[in-house]
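Here is a short report on one protein model. Keep the sequence and the 3D view open as you read.

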Amino acid sequence: MFESLQNKLSEAFRHLSGKAVLTESNMKEGLTMIQNALLEADAGYEAVKAFMARVQEKALGEKVLKSLRPSDQLVKIVHEELIQFMGPVDNDLHLKRSGVSIIMMCGLQGSGKTTTTGKLARMLKIRGRKPMLVAADLQRPAAVRQLQVLGEQIGIPVYAEEGEQNPVKVCNDAVKEAEKTDCDVLILDTAGRLHIDEALMDELKKIESQCNPDQVYLVVDAMTGQDAVVSAKAFNDALALNGVILTKLDGDARGGAALSMRHISGAPIKFMGVGEQMDALEEFHPDRMAGRILGMGDILTLVETAQREFDQDELRQQEERMKKGEFTFDDFRRMMNQTRRLGPLGKILGMIPGMGAIKQMMDMDVAENEMKKLGGIIDSMTKKERANPDLIDNSRKKRIAAGAGVGVNEVSEICKQFGAMASIMKKMSGLGMGGKMQAMQELTRQMTTNPQARLAKQKGSTGKRLTPAERAKQRKELERELKRKRRAEK
Ligand SMILES: Nc1nc2c(ncn2[C@@H]2O[C@H](COP(=O)(O)OP(=O)(O)O)[C@@H](O)[C@H]2O)c(=O)[nH]1
Ligand SMILES: [Mg+2]
């Protein structure tokens, strides 16, 4: 997701990071690249225009011109503005404490209304609510059946009226039925059209005025780009939207829709659909999405997914340790094992900070093999070595290599990678947002300029930050290295 946008933005920033001083003209070039990237990502023109105006205003201000690290500042500004633009956060469904709350789902046909209705109901049930689904899409007989099948699958009752033509009546009857039973949330799965038309809007308006839903959500297919933007506008004019749910963000949606939705509808993006399965619904976090757009990866989402799948205690311990900046081979392996269980490596890599850039360079099958090898190497270490990697000298490396059936150089390589990771963990643990971004940028730069030694051991592992002069020197060294490599390849 967001890959093309991500690539474009890092391109824009790479271009900036080579400049010593930020001038109005060289920054404008970067800003134009950002703007084009956003437009290419299918963000609506209006939203992009408004977004760029805000960024420009901030970036062209005095502060930036006086700054020592213009690219860092620009990243920070774009990041902050993206968060503002896609925010504010409101994942609450605002359900009533007593009585029946009504959620109305609307959107174009195929946007994912029925699927999302099921996902929401499942989530509510897990939270201890008693939802009931209402089959109010009477356009196609199959739609009612689809909802009934979903309901059976997740163990949630579905209200449907055989042969009824009027969806407003079905919804009204469902409200009465809910009051009779002990159900406390009704989710109305309404009909959509391929394109917005008056008949559809009238039908939805009638349901809204007669059933008086507590929340009206627009379901938007993030893959549809400009269409999503246009339809959001129309739905928002007809109904007072309380929230937007973006679907199909697991696919190769170019993601611009996320940027436009809040701007157009004024309603927050509540959730995002990330798959066809009933558990593939995630809360929307603008800060994470902004991080993702900027190529910082999405470690928080990764942790959240992990939390669902793995032993809570173990994870809590690990988080504590990460907070303190402690990181051993045992943590390293645990992290690797957990990420392995999370799904195909490619998906995981995209979530790890900095990995977006190298993901394309790596052959996934090879990467899977590497992971297995890594496991073997760590298994061949003693408990002491795992807890205290500094112990691992050359003779220990030989023993470990023999145990794992690999070469000594491979063990050295793993130790090096571990060292780099540990120092990043240490750095990240004590830093605020700005510092974290910087650490990740550093990591990204290392990986993109030096993909062979994926995680070269970092200098200054005492956690001390490099001075600008030292950073410049390091960058030069990397560039020289890269040139050498290019020359050698010719
Ligand atoms: N990959 C993916 N597919 C989705 C998602 N949400 C819905 N779909 C699929 O999109 C298609 C249309 O969904 P449906 O709920 O029937 O749309 P509706 O016409 O708005 O009710 C179905 O094949 C769903 O499985 C999602 O988040 N990710
Ligand atoms: Mg449907």
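## Helix α20 and its end

Gly405 follows α20, and its phi is positive, near 70°. The model is a predicted one.

Now look at α20 itself, which spans residues 394-404. Which of its residues are buried? They include Lys397, Ile400 and Ala404. These residues span an arc of only 65° around the axis, so they sit on the same side of α20. Turn to the other side of α20. There, Ser395, Lys398 and Ala402 are exposed.

Zoom in on one pair. Strand β6 (residues 243-247) and strand β7 (residues 269-273) run parallel. Three bridges join β6 to β7. Leu246 has Met272 in β7 as its bridge partner.

## The nonpolar cores

Leu246 matters for the next topic too. The largest nonpolar core holds 79 residues. Which of them touch the most other members? They are Val134, Leu188 and Leu246. Set aside the neighbours of Leu246 within four places in sequence. Leu246 is then in contact with Val220, Ala222, Ala257, Ala258, Met261, Ile269, Met272 and Gly273.

Another core lies apart from the largest one. This other core has 15 residues, among them Ile377, Ile378, Ile392 and Phe418.

## Around ligand 1

Move to the ligand. Ligand 1 has 18 residues around it. Which come nearest? Gly112, Lys113, Thr114, Thr115 and Gly273 do.

Helix α6, residues 113-126, gives the largest share of the shell around ligand 1: three residues. How many shell residues are nonpolar, polar and charged? Two are nonpolar, twelve are polar and four are charged.

Finish with the loops. One of them runs between α5 (70-86) and β1 (101-106), and Pro88 lies in it. The peptide bond from Gly87 to Pro88 is cis, with omega near 0°. His94 is found in the loop between α5 and β1 as well. His94 is not a glycine, yet its phi is positive, near 50°. Is His94 buried or exposed? His94 counts as exposed because it has 11 C-beta neighbours inside 10 Å, and 12 or fewer means exposed.

Asn212 is found in another loop, between α9 (198-211) and β5 (215-221). Asn212 has a positive phi of about 55°, although it is not a glycine. Asn212 has 10 other C-beta atoms within 10 Å, so Asn212 is exposed.

Gly155 lies in the loop between α7 (141-154) and β3 (158-159). With 9 other C-beta atoms within 10 Å, Gly155 is exposed. Gly155 and Lys125 are 30 residues apart along the chain. Their C-alpha atoms are separated by 9.3 Å.

Conventions. Residues numbered from 1 in each chain as written. Chains lettered and ligands numbered in written order. Predicted model: local features only at pLDDT ≥ 70, side-chain atom pairs only at ≥ 80, totals over all residues. Helix = DSSP H or I, 4+ residues; strand = E, 2+ residues; numbered from the N terminus. Buried ≥ 20, exposed ≤ 12 C-beta atoms within 10 Å, placed from the backbone. Near = placed C-beta within 6 Å. Nonpolar A, V, L, I, M, F, W, Y, C, P; charged D, E, K, R; others polar. Core = buried A, V, L, I, M, F, W, Y, C linked by C-beta atoms within 7 Å. Contact = placed C-beta atoms within 7 Å. Arc of directions from axis to C-beta. Pairing = 2+ DSSP bridges.
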